[in-house]
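Here are my notes on this one, as numbered points. Have the viewer open while you read.

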Amino acid sequence: MIVSFENILTPDELAAMRRQLLAAEWARGISAGPQARQVKKNLQIPEQSAVLRELRTLVMRALNRSPDVMSALLPFKIIPPNFNRYTVEDSHYGKHIDSTLRPLPDGSYLRTDVSATLFLSDPEEYDGGELKIIDTFGEQTVKLAAGSLVTYPSGSLHEVTPVTRGERLGCYMFMQSLIRDTEKRRLLYEMDNSLRRLRAEQGEAQADLVALTGTYNNLVRMWSEC
């Protein structure tokens, strides 16, 4: 399930983040498995950077206040977000599949169910740099407005095409969902969207809505692995 979300960041948050990113120190990206590193040519903010903690806090705050993101992904754990930069010199990330397990700061591991890219540059600021995702429905090309987020199954083959003009700033992260199965997660998202529309039309106390909400919650309870 590939899902996009607009305006995850407010204009003020986006402007503040871009100021910090443009002043930050960058290093060649190495946070990938041995196979992916062979096709990875971009820059990222190193772990020891003084600005990384504040940037991560901004992103996590934005995710947590979005009911659509929470509904679609049902996140259990989110690995601390990282930030990357693509330029004409460090321009692309070839076809790869994200690692199944990622280390967390406490020494445990996160199973990657969902990968996400938060776009921090507008499309007119650079040429190329499209995120291409190959799933069961074919190849989808994604290039969103700054402040928008796209999420997709971590097991999908994907790439970032070469940047040929300008630069592409972004934030990427990995999540372990309460619902491991992509199809079950999609069904719950569709059901929750319908329930929210019906609540807006009919109110919270409508008897059938109360019953259906209970069914939704019981499905989450049944399918949750955490």
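Is Leu 74 buried or exposed?

1. Leu 74 is buried, with a relative accessible area of 13% (buried means under 20%, exposed over 50%, partly exposed in between, with a 1.4 Å probe and protein chains only). Leu 74 sits in the loop between H4 and strand S5 (75-78), and has a positive phi of about 45 degrees although it is not a glycine. Helices (H or I, at least four residues) and strands (E, at least two) are DSSP runs, numbered from the N terminus.

2. A word on the source: this is a predicted model, where local features need pLDDT of at least 70, side-chain atom pairs count only at pLDDT 80 or more, and totals for chains, interfaces and linings use all residues. Residues are numbered from 1 along each chain as its sequence is written, and side-chain values use heavy atoms, leaving out hydrogens and water.

3. Asn 7 is another non-glycine with a positive phi, of about 55 degrees. Its place is the loop between S1 and H1, and Asn 7 is exposed, at 61% relative accessible area.

4. Leu 21 touches (heavy atoms within 4.5 Å) Trp 26, Ile 45, Leu 55, Phe 83, Leu 120 and Leu 169, not counting residues up to four places away in sequence.
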